[in-house]
Amino acid sequence: MAGQAGFLSAPCEIAVKKYVPSIRASLAIVLVRDYGLTIYRAAKLLRLTPAAVSNYLLKRRGGSYIDVILKDKELYGMVAKMAEQIISNNAVERLMPLYICEICRKLRSKVEPKAVLPEPPY
């Protein structure tokens, strides 16, 4: 079974470990850097601990795609839009996960090579 990591993993299961932490980190960075929030205020809005936000800002936590998100105009715009909704209290809680999914899909399309899928054996 060696080499079978991810054998039965759904794409979203992989994304939660690989991409979503970078999206959260980017959101924290945008709130603090671009909107001037304190670490404590950003943590409260994101429902994280101040330590988590601090680690995101220092890029000690959050994965290896933070810079990709912050340097890509389209991805940065999506994160900034989400940050604006959070700050202005216009964020609809049930829609936030969907925004993260949208950003994740876009990020994956930019960083993953196009996979050539084999024909199913059935």
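**Core, helices and cysteines**

Mentor: Leaving aside neighbours within four places in sequence, leucine 27 is in contact (heavy atoms within 4.5 Å) with Leu46, Val79, Met82, Ala83 and Ile86. This is a predicted model, where local features need pLDDT of at least 70, side-chain atom pairs count only at pLDDT 80 or more, and totals for chains, interfaces and linings use all residues. Residues are numbered from 1 along each chain as its sequence is written, and side-chain values use heavy atoms, with hydrogens and water left out.

Trainee: How many residues are in the largest nonpolar core?
Mentor: It has 32 residues, and Leu27, Met82 and Ile103 have the most contacts inside it. Such a core is a set of buried Ala, Val, Leu, Ile, Met, Phe, Trp, Tyr and Cys residues joined through side-chain atoms within 4.5 Å; buried means under 20% relative accessible area, exposed over 50%, partly exposed in between (1.4 Å probe, protein chains only).

Trainee: Which helix supplies the largest share of this core?
Mentor: H2, with nine residues. Helices here are DSSP runs (H or I, at least four residues), numbered from the N terminus.

Trainee: Is cysteine 104 buried or exposed?
Mentor: Buried, at 7% relative accessibility. Cysteine 101 is partly exposed, at 33% relative accessible area.

Notes
Helices (H or I, at least four residues) and strands (E, at least two) are DSSP runs, numbered from the N terminus.
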